[in-house]
Amino acid sequence: MKDTLQSLGYSLYEESLQEANGSQFAIARGEGTRHLIVQGQAASAFQGEAKDDLIICPLSVENAKVLGQYFDYIIPIARPEHKKFSMGFGDRLGLATPGHIQAIRNYDVFPVFAQQSIRELSLSKRNYEEVIAAASFAVFQTQYKEGFGGDGDHLKTEEEIQYALDCGMTMITLDCSEHIQNEVDIADYQNLDADIKRHYEERYLAKALPIIGEVTEEELQLFVLVFHKAVEHAISISKFLKSQDKPVNLEVSIDETPGETSPLQHYIIAQELIDAEVEVSSMAPHFSGAFEKGVDYQGDVEKFTQELRVHQEIAEYFGYRLSLHSGSDKFTVFPIWGEITKMASHVKVAGTNWLEALRVVAEVEPELFRGALAYAMEHRGEAEQYYHISSKVSDIVPLDQRSNEELPMYLEEDAARQTLHITYGLLLAEEFFRAPFFACLEAHENLYSEFLAAHMGKHLEGLFERLQ
Ligand code: ZN
């Protein structure tokens, strides 16, 4: 196959070459992109172009599905019980997974390579099937056979979850935010349904509860007002998931709230879910401090540490794992997180693969990078309606003050990182940027993987640092 490919002008990824049912399969690069190559009987099952005795196929959703019939390790799975630590990588570009695989080779991690929210899908103009197919082809290319997951991230409704499951996602992150009442008046407690009030009062009042102790009447009333609908929603979604009869990990996320989650809130939510037999794989409370996009943790590390200990105690008591969202670049808290959760937890890092891609552009296509940063600075306001960031455009060193060699420095600076981070959807929609950007990443895939492996490696190093 190698020689035939060469004569056709394609270069084979040697590590991808494998056999099934007497046919040969591989990934090769040609005409500026990667293709699936099939030789032998199986070839007729794939959509592609016949050349010589090979069929050269696009890395399409359809071809990924057929390939999965020959190699089941390329299909996402739910987290195996013995894999205690999982990490959500979220390859937004469809080109980052080989680098992510390189990063985790030496660590005991269950990787969730496919991970996107509905908003990220629309910003990156992809659908879940494409997200999964990109991950599948990457694990096939590198013969990563340890298993990986797919996370329908921050899904809010049954319809969204159904869609994610139909596409093959194996983890659902349920975002309860629309059912959390952030502004409540304690006087409204009286108007609540009598059964709801009785249920909570009998279960929690005048009791010495583990970890959180006694709950006052006012604390409980406030809790019920703020959270009872979210709890009901999570229970109803859990029933729906069970009716689907597919192995899937449920993460309950209550992090998208204005304030941090108190131990009392975490405990009662957990107790309610466990009482209703919800199988919680992980829970994402809102931790203290700021977890802004693209930069390190901002906040009181001591306070974070104390609170994390209590949240961990609650999670252990109920038998699930904690989950950290917006985990990219939170180097200050990684060793603490690793130590306290004993690396039985989940961490989501998503946007960094975009910033590392821009590092490639800064290195090899300075003019494209200059255009991207100028655009991002100009359009940052539009993106700020979705993301809260505290750095300022005025903190960014003007582009005309930096030589081409100095451009990668922007990716070490908070203001530029955040500005580029949150404008990814806008940039990817721009004609001047989109095609040249993807062509640049395709042409420098090894450099991209190298940057990703280094950057994600730093994350893993921090997380595993204090683990014995
Ligand atoms: Zn979140």
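**Close-up 1. Protein donors of the zinc ion in a predicted model.** The zinc ion has as its protein donors H154 (NE2), D255 (OD), E256 (OE) and H325 (ND1), which lie 2.0 to 2.7 Å from it. Donors are N, O and S atoms within 2.8 Å of the metal (3.2 Å for Na, K and Ca); water is not among the atoms, so sites may look incomplete. Along the chain, the spacing of the donors is H-x100-D-E-x68-H. Helices (H or I, at least four residues) and strands (E, at least two) are DSSP runs, numbered from the N terminus.

**Close-up 2. Helix α3 crossing helix α5.** The axes of α3 (residues 97-104) and α5 (residues 128-142) come within 9 Å and cross at roughly 55°. Axes are lines fitted to C-alpha atoms, for helices over the stretch in contact, and angles run from 0 to 180 degrees between N-to-C directions. α3 is therefore oblique to α5 (angles under 35 degrees count as roughly parallel, over 145 as roughly antiparallel, 65 to 115 as roughly perpendicular and the rest as oblique). On the α3 side, T97, P98 and I101 meet A135, A138, V139, Q141 and T142 of α5, where contact means heavy atoms within 4.5 Å.

**Close-up 3. Helix α12 crossing helix α17.** Here α12 (residues 352-364) and α17 (residues 445-464) have axes that come within 9 Å and cross at roughly 135°. The two helices are therefore oblique to each other. Residues of α12 including W354, R359 and V360 meet residues of α17, among them Y448, F451 and H455. By class, this contact has 9 nonpolar, 4 polar and 3 charged residues. Ala, Val, Leu, Ile, Met, Phe, Trp, Tyr, Cys and Pro count as nonpolar, Asp, Glu, Lys and Arg as charged, and the others, Gly among them, as polar.

**Close-up 4. Helix α7 crossing helix α8.** The axes of α7 (residues 194-204) and α8 (residues 217-244) come within 11 Å and cross at roughly 115°. α7 is therefore roughly perpendicular to α8. I196, Y200, E201 and Y204 of α7 make the contact with L220, F223, V224, H228, V231 and E232 of α8. This contact has 7 nonpolar, 1 polar and 2 charged residues.

**Notes.** Residues are numbered from 1 along each chain as its sequence is written, and side-chain values use heavy atoms, with hydrogens and water left out. In this predicted model, local features need pLDDT of at least 70 and side-chain atom pairs count only at pLDDT 80 or more, while totals for chains, interfaces and linings use all residues.
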